[in-house]
Amino acid sequence: MDVTIARHAGFCFGVQRAIDMAFKALDETKGPIFSLGPIIHNPQVVGKMQEMGLKVVSDIREIGVGTVIFRSHGVNAEERDEAAKRNLTVVDATCPFVEKAHEYARKLDTEGYQIIVVGDPNHPEVLSILSYTRGRGVAVPSLEILEGVTLSQRVGVVSQTTQSFETFQSVITEIIRRSRQVLIFNTICDATKIRQEESIRLAGESDCMVVIGGRNSANTRRLTELCSQVQPRTYHIETVDELKEKSFEGVEKVGVTAGASTPQWLIEPVVGYLKNL
Ligand code: SF4
């Protein structure tokens, strides 16, 4: 079978960096070591880290002593302060692109702007950006939601790093229409967009598409959804074992892609299996 792998399948820069930092910390740290939530949305990688001693907690107040790893999509300002108060050793794996969004939110707050964060109000990254606005920021996931927000005459805008450009553009266009002074920081990261565009193109050129990644990974689920729209024969799997139950009858060309939190060691066996079919 002809197998084509998307060029950017798997870890983005920020996730790769966070994973490297976490494994290094697990190798070198003597005392207890924690992460605030799973480091990435991939159960196989998190399982490996747990075998090496990582404990995943949901609240920083559960940690009495030791080392805490901050995930690539960042933590709240309050959690950062709490870690310092508790004298915890911090391994800060926050992606530099997310840190940039924090920095802009803080700047807009200091300069007295009303702050709009274009993104999902329940996503940890958006919550972390909002925490740098001292409760004055508002998360706006869509143009429809913006309609219910009263805008001041000075508005500052940042985006969730994984936001779609189209939504960001529609929200800022409306803000410009309704406000006098608008300061915009485009903090969208291209990694998601590049993965989506490549996967859609590959799905269109293939008889079947395989998407690898955690079922709890929003970006992997989104890749599956987008590929399915172009190629209805799209399979979302976490590991190679799941392929054995899938039918590849009549397939000559198969495309393979993977979410930004999927490691190479989960992608390679899938490619090997498909090549041998
Ligand atoms: S998607 Fe972009 S912002 Fe998010 S972790 Fe990856 S590189 Fe960083």
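Where does the ligand sit? In this predicted model, the ligand sits in the largest pocket. Here a pocket is an open set of points on a 1 Å grid over the protein atoms alone, with protein on both sides within 12 Å along at least five of seven lines, and a molecule sits in a pocket if more than half of its atoms lie within 2 Å of its grid points. The model is a predicted one, in which local features need pLDDT of at least 70 and side-chain atom pairs count only at pLDDT 80 or more, while totals for chains, interfaces and linings use all residues. Residues are numbered from 1 along each chain as its sequence is written, and side-chain values use heavy atoms, with hydrogens and water left out.

Cys 12, Gly 14, Cys 95, Phe 97, Thr 161 and Cys 189 surround the ligand, where a residue counts as near if one of its heavy atoms lies within 4 Å. Sorted by class, this shell holds four nonpolar and two polar residues, and no charged ones. In this scheme Ala, Val, Leu, Ile, Met, Phe, Trp, Tyr, Cys and Pro are nonpolar, Asp, Glu, Lys and Arg are charged, and the others, Gly among them, are polar.

Helix H7 spans residues 165-178; helices (H or I, at least four residues) and strands (E, at least two) are DSSP runs, numbered from the N terminus. The 14 residues of H7 reach 20 Å from first C-alpha to last, close to the 20 Å expected at 1.5 Å a residue, the expected span being 1.5 Å times one less than the number of residues. Phe 168, Val 171, Ile 172, Glu 174 and Ile 175 of H7 are buried. These residues cover an arc of only 160 degrees around the axis, so they lie on the same side of H7; the arc is that of the directions from the helix axis to the C-beta atoms. Glu 166 and Arg 177 are exposed on the face turned away from the buried side. Buried means under 20% relative accessible area, exposed over 50%, and partly exposed in between (1.4 Å probe, protein chains only).

Glu 147 lies in the loop between helix H6 (143-146) and strand S8 (154-159), and its relative accessibility is 61%, so Glu 147 counts as exposed.

Most residues other than glycine have a negative phi. Asn 87, however, has a positive phi near 60 degrees. Asn 87 belongs to the loop between helix H3 (77-85) and strand S5 (89-92).

Terms used:
On a 1 Å grid over the protein atoms alone, a cavity is a set of points where a 1.4 Å probe fits but cannot get out, and a pocket is an open set with protein on both sides within 12 Å along at least five of seven lines; lining residues have an atom within 4 Å of a point.
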